[in-house]
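Visitor: I have a model open and would like to learn how to read it. Could you walk me through it?

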Amino acid sequence: MDLNLQEKVFIVSGGSKGIGEAITRAIAAEGGIPVIATRSAGVTEALVDEIKRNGGEAFYVIGDLQKTENCKNAVEETIARYGRLDGIVNNAGANDGASLEKGPEAFRASIGLNLFHYFDLVHYALPHLKKSRGAIVNISSKVALTGQGQTSGYAAAKGAQLALTREWAAALLPWSVRVNAILPAEVMTPLYRKWLNSNFGDPAAKEAEITAKIPLEKRMTTAAEIAAMAVFLLSDRSAHTTGQFMVVDGGYVHLDRSLT
Ligand code: NAP
């Protein structure tokens with residue numbers, strides 16, 4: 001299936017590692033132009049170079065998206081370079097364990113890390129998305145539906161991303177700008193590896209315990225499997241899909257795990 005993404009321009013926040021990297025690669029593989037908005041320069045530059053060496057086009061804008069001006073800058077630099085914007089993938093974030101015990105400051109910081117830039121990027125992109133009848137994909141998490149314990153800030157931010165998905169889908173109907181969310185559960189990424197290594201004495205045993213509970217094939221979802229859903233949602237092949245929560249997780253959240 002041709003997704004018709006050729007020459008279309010998409011900003012991917014946190015687009016050079018983990019799930020974001022896979023989305024960047026999938027956009028490029030479809031002939032689209034990913035613009036990576038992230039804060040680590042070296043790995044990002046290397047990925048953009050690789051895409052270009054393989055005949056694609058890509059661009060990056062470096063800056064911590066917790067600062068509103070960096071969100072604005074990411075959109076402005078994209079427009080200055082390509083003159084168009086066809087979609088935003090809000091993906092940057094981290095499960096930072098801001099628990100009830102850690103207190104108000106950690107909670108507020110976690111919301112800053114995980115939520116405000118989702119709004120800010122879309123706010124600054126809005127005129128361009130209206131013009132292109134673009135698409136927005138919010139990467140949320142299963143934690144928004146299930147909770148996890150010890151991570152109030154992340155859970156609140158991920159839940160708010162789902163609320164914003166519905167709110168923006170409704171708000172942007174007049175311009176046919178579609179807004180959808182993807183909820184991954186367990187995907188091995190640099191962030192996930194760090195979480196395993198820093199929270200468990202035997203990370204390999206914990207990983208085995210987690211994967212044993214994933215109904216479909218007892219394995220983690222790959223970042224490429226999340227990316228496949230993302231590019232579909234960015235494309236006009238999903239032209240009548242908006243305000244939806246796509247739970248790409250091997251049945252982890254919704255199947256009866258006691259039966260498998
Ligand atoms: P990752 O491997 O850490 O990649 C996230 C990327 O986002 C990194 O490149 C990171 O940059 C960047 N980033 C984070 N905060 C940023 C900020 N304030 N400004 C600019 N860039 C920032 O994480 P991942 O596991 O792929 O997670 C991606 C998304 O999927 C997150 O929203 C996460 O909540 C969600 N998710 C993941 C899983 C999973 O199992 N992995 C499950 C559910 C949901 P640095 O390298 O500089 O930190």
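Guide: We'll go through the ligand site, the core and a few backbone details.

Guide: This is a predicted model, where local features need pLDDT of at least 70, side-chain atom pairs count only at pLDDT 80 or more, and totals for chains, interfaces and linings use all residues. Residues are numbered from 1 along each chain as its sequence is written, and side-chain values use heavy atoms, with hydrogens and water left out.

Visitor: How many residues surround the ligand?

Guide: A residue is near a molecule if one of its heavy atoms lies within 4 Å of it. Here 28 residues surround the ligand, and the closest are Lys17, Asn91, Tyr154, Val187 and Thr189. The shell divides into twelve nonpolar, eleven polar and five charged residues.

Visitor: Which helix gives the most to the shell around the ligand?

Guide: Helices (H or I, at least four residues) and strands (E, at least two) are DSSP runs, numbered from the N terminus. That would be α7, with three residues; α1 (18-29), α6 (152-171) and α7 (190-199) each supply at least two.

Visitor: Why does the ligand lie between the domains?

Guide: Domain bounds come from an automatic or database assignment. Domain 1 (9-185 + 222-246) and domain 2 (186-220) both give residues to the shell, so the ligand lies between them.

Visitor: What about N or O atoms facing the ligand?

Guide: Look for pairs of N or O atoms within 3.5 Å. The side chain of Tyr154 has one 2.5 Å from a ligand oxygen, and the side chain of Asp64 has one 2.9 Å from a ligand nitrogen.

Visitor: Which residues have the most contacts inside the largest nonpolar core?

Guide: In soluble globular proteins, nonpolar side chains tend to be buried together. A nonpolar core joins buried Ala, Val, Leu, Ile, Met, Phe, Trp, Tyr and Cys residues through side-chain atoms within 4.5 Å. Buried means under 20% relative accessible area, exposed over 50%, partly exposed in between (1.4 Å probe, protein chains only). The largest core has 25 residues, with Ile23, Ile27, Val89, Val137, Ile139, Ile182 and Leu234 making the most contacts inside it. α9 gives the most to this core, seven residues.

Visitor: And the backbone?

Guide: Most residues other than glycine have a negative phi. Glu217, though, has a positive phi near 70°, and sits in the loop between α8 (203-211) and α9.

Methods. A polar contact is a pair of N or O atoms within 3.5 Å; within protein, one must be able to donate a hydrogen and the other to accept it, and residues adjacent in sequence count only if both atoms are side-chain atoms. Ala, Val, Leu, Ile, Met, Phe, Trp, Tyr, Cys and Pro count as nonpolar, Asp, Glu, Lys and Arg as charged, and the others, Gly among them, as polar.
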